[in-house]
Amino acid sequence: MKRILYPLQVVLLSAMTVLAQQRPPAISSPDVHPDHSITFRYFSKRAQKVTLNGEFLKSPVALTKDTSGIWSVTVPPVKPDIYPYSFTVDSVQLADPSNTYIFANERFKRSIVEVPGDQPLIHSLQNVPHGKISYRYYKSGTLGTTRQLLVYTPPGFNPNGKTKYPVLYLIHGGSDTEETWTKVGRANLIADNLIAQGKAKPMLIVMPYGNVRPAPMADFTKDMVNDIVPFIEANYPVLKESKSRAVAGFSVGGGQTLNIGLTNPDKFAYVCSYAPYTATEEFKKNFSDWSPNADQLNKQLKLFTISVGTEDFLYEPVKQNIAQFKEKGLKLDTQIVPGGHTWMNCKLYLATTLPQLFN
């Protein structure tokens, strides 16, 4: 019997045929090989040029296209770590559409590739007890709105138990989000691994959203002191003395760390600034004509550190910041390492900091 197709069926079949023809092939990207080389792929029949940009490269590299429209390149072995990367397709920056591991950022469109080490790295997922990440909302009276933050609670945490914990308030970079410290910086896994090794004390890590625009950026300091800390202390079993509070941050968050910690030493005994960006009105107002009581401040601060990489574009300004604080008589530890203004260094800074807290 001859099959009769009705007009609607013809339209649907035609549409399905067109969609099938337009649907890109299923491709795998990135593929990390046993020798730590990596293959990247991108599909486009119309693109004229596709390049790969990554923090494991000295300069962008071109992909080549096969007859089916799949562009690809394999880069030589890469040092084990976690790296952001992106494609530039005819001058437009894109995240890798075949990779669900996206860099949490409000400005850059990048993906993430993880190159595992032959031995587990400090940020890798290991067979140890794991803490929990909770997404929480709090009312900010300072900003007149409800905002989100992330809270890491350590393995074995019991919200109704008798144990009370110290707290690290950990701030992201300028265009990052409250998720960047977990999705890119792996703060939770670093804490899990160091706690399991007995190198870090069990603690809460609070990761707020540091961007408060269109409000003045200085309002984040008020938000931290007047809203975030009270919210955590009202909702979690935590210790409430300055010696049980730490503040740390990267880049813009590193500058915010200095503003928050050094102007509130009665509230934060640990101040750890990672490659701080300090070219702000708040920093200028706080520290241009600053005359601290160095003896008192050194007694209040159990740890004051500034970290930076020698290839960081902020290296020279950070050296000036270090000299400025030392000239004021402050006891200051520094961590100067190779590398640039990267989240690879951020993980190193955090992994160095955590064992120093709350001792």
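Figure 1. The model shown here and in the following views is a predicted one. Gly309 belongs to strand 16, which covers residues 303-309. When residues up to four places away in sequence are not counted, Gly309 touches Tyr315, Val337, Pro338, Gly339, Asn345 and Tyr349. Cys346 is 37 residues from Gly309 along the chain, and a separation of 9.8 Å is found between the C-alpha atoms of these two residues.

**Figure 2. The largest pocket and its lining.** The space in the largest pocket amounts to about 660 Å³. Its lining is made up of 31 residues, and Gly174, Phe250, Ser251, Phe313 and His341 are the closest of these to the pocket centre. Two or more lining residues are given by each of helix 5 (252-262) and helix 6 (281-287). Helix 5 supplies the largest share of the lining, with four residues. Sorted by class, the lining of the largest pocket holds 13 polar, 10 nonpolar and eight charged residues.

**Figure 3. The second largest pocket and its lining.** For the second largest pocket, the computed volume is about 470 Å³. The lining consists of 19 residues; those nearest the centre of the second largest pocket are Lys79, Asp81, Met344, Asn345 and Leu348. Strand 7 (81-89) and helix 9 (343-353) are the elements that give two or more residues to this lining. Helix 9 contributes five residues, the largest share of the lining of the second largest pocket.

**Figure 4. Helix 3 and the elements packed around its buried residues.** Helix 3 spans residues 187-196 and is largely enclosed by the rest of the structure, because nine of its 10 residues are buried. The buried residues of helix 3 are Ala187, Asn188, Leu189, Ile190, Ala191, Asp192, Asn193, Leu194 and Ile195. Several strands pack against these buried residues, namely strand 10 (132-140), strand 11 (145-153), strand 12 (167-171) and strand 13 (204-208). The helices that pack against them are helix 2 (180-183) and helix 9. After helix 3 comes Gly198, which has a positive phi near 75 degrees.

**Figure 5. Asp219 in helix 4.** Asp219 lies in helix 4, whose residues are 219-235. The relative accessible area of Asp219 is 13%; this residue is therefore buried, since the cut-off for burial is under 20%. With neighbours within four places in sequence left aside, Asp219 is in contact with Thr142 and Leu143.

Figure 6. Strand 5 is joined by two bridges to strand 6 (residues 70-75), and the two strands run antiparallel. Within this part of the sheet, Thr64 stands opposite Ser72 of strand 6. In general, strands of a sheet pair through backbone hydrogen bonds, in either a parallel or an antiparallel manner.

Definitions and conventions. Residues numbered from 1 in each chain as written. Predicted model: local features only at pLDDT ≥ 70, side-chain atom pairs only at ≥ 80, totals over all residues. Heavy atoms only, no water. Contact = heavy atoms within 4.5 Å. 1 Å grid on protein atoms, 1.4 Å probe; cavity = no way out; pocket = protein on both sides within 12 Å on 5 of 7 lines; lining within 4 Å. Points joined across faces, edges and corners; volume = space filled by probe spheres on them. Nonpolar A, V, L, I, M, F, W, Y, C, P; charged D, E, K, R; others polar. Buried < 20%, exposed > 50% of the residue type's maximum accessible area, 1.4 Å probe, protein only. Pairing = 2+ DSSP bridges.
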